[in-house]
Amino acid sequence: MSVSFAYQVRDPRGNVLDGVVKAANADDATQQLRREGFMVVALKEEDDAEAAPLFPRRITRTEVMYLTNQLAVMVDTGIPLSTALAGICSQERNPSMKRVVQELCDAVEQGDDFSAALAKHRKLFNKTFVSLVKASEATGSLGPMLDRIAVYLRKELDSRGKVRAAMAYPTVMFVLAVGVTIFLLTFVMPKFTPIFAARGAALPAPTKLMMVVSGALINYWWAWLVVGVVAVVGFVFGRRTEPGRRIWDTVKINLPLIGPMTRKVVISRSIRTLGTMLSSGIPMLDALKLAGEVSSNWHYEKLWQSVAEQVTEGKQVCEALTSNPLFPAMLVQMISAGEQTGKLGPVLERVSNYYEEEVETSLKAVTSVIEPIMITVMGAVVGTIGMALMLPIFSLSRPT
């Protein structure tokens, strides 16, 4: 049974490094560190509660990208992988990331392939990451491959960040509109209801409708709460089922304004992955499978599966994609040109850069259209409620 030991060592250059090592006992830990060329300064068994906190800090995609970038630089300069991991571990401030890096370091020191060590942490390092590292191990080009992966991860983060930033304003406006509507119906409208009832005057139809809705919100708030919770839970769990995911993904790519932008985001993600994989020496069938998995859309996953099956039968990728409504004809032509010249990987990487610019343009266009729509809708809702409140007042103040 291995135990975790926190150590402080001095490397051959005199630098002091901190980290964690797993060994059967303190003597084994000391011998392990000395074999790596370190002089042990301090060694202490870690407390289990400290090593595994009850609420561990989350590891972000950005931290994974920085880790990859650091490893790429260090391995490129000739530092052994285990030493690079130990150095990063000693400087890491996120306890969760520090633990993961230490486990990677321990696995590499024990003779495991780096790709096999990464595969044990699927939530952080997906199949694309692991496959690229595995391909580099076969060719002895881990440093350049890690640099390529870091660039790939950076583009993925930039793409996701742009989408989230573009949708932030419409989301805030929608939440604000719902909040203002509920406030007016549950706090403002009830103040006027006794006044209207005391006058005994006939109320306009909009006012009657708003009073009914207000009464339903106030008297049956628990029912609305239950419906809301059921709807959210049903949506979350429904998306995890095959039919639910298919329906939701169909809606996303066919919505007005949002649909075309979603298609471009999915296509950009797929072809970027496919291009990176092919340029890195990954077999075509494996690359097609991973391109479908990273698309995060049911329809495009099935499309890439179909393409892989047809490629297995001897067809080219462009032939399998021809006349498919999910893929633009221009993109199919570019893929055809890449296959004819034998440079499909580089061509797809260039096309993915073009599609990233298209996505950014689409995001700006969608945002510029959604903003006035949301403002108009919010104004219409608030105006309707205001009109329902004011019409009876005008009729009551009118001289008989």
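Biologist: Is Phe327 buried or exposed?
Modeller: In this predicted model, buried means under 20% relative accessible area, exposed means over 50%, and partly exposed lies in between (1.4 Å probe, protein chains only). Phe327 has a relative accessibility of 5%, so this residue counts as buried.

Biologist: What pLDDT do local features need?
Modeller: Residues are numbered from 1 along each chain as its sequence is written, and side-chain values use heavy atoms, with hydrogens and water left out. The model is predicted, and totals for chains, interfaces and linings use all residues, side-chain atom pairs count only at pLDDT 80 or more, and local features need pLDDT of at least 70.

Biologist: How do the rings of Trp304 and Phe327 pair: stacked, tilted or edge-to-face?
Modeller: Rings of Phe, Tyr and Trp (its six-membered ring) pair if their centres lie within 6.5 Å; planes under 30 degrees apart are stacked, over 60 edge-to-face, and the rest tilted. The count by this rule is 6 aromatic pairs. For Trp304 and Phe327, the centres are 5.4 Å apart and the planes stand at 90 degrees, so the pair is edge-to-face.

Biologist: In what order do the 3 strands of the open sheet stand?
Modeller: Strands count as paired if DSSP finds at least two bridges between them. Strand 2 (16-23) and strand 3 (39-45) each have a single partner strand, so they stand at the edges. The pairing is antiparallel, and the order is 2-1-3.

Biologist: Which residue of strand 2 stands opposite Ala6?
Modeller: Strand 1 (residues 3-10) pairs with strand 2 over 8 bridges, in the antiparallel sense. The residue of strand 2 opposite Ala6 is Val20.

Biologist: Which residue lies over the face of Trp298?
Modeller: A charge sits over a ring if NZ of Lys or CZ of Arg is within 6 Å of the ring centre and within 35 degrees of the ring normal. At 5.4 Å from the ring centre of Trp298 lies Arg246.

Notes
Helix = DSSP H or I, 4+ residues; strand = E, 2+ residues; numbered from the N terminus.
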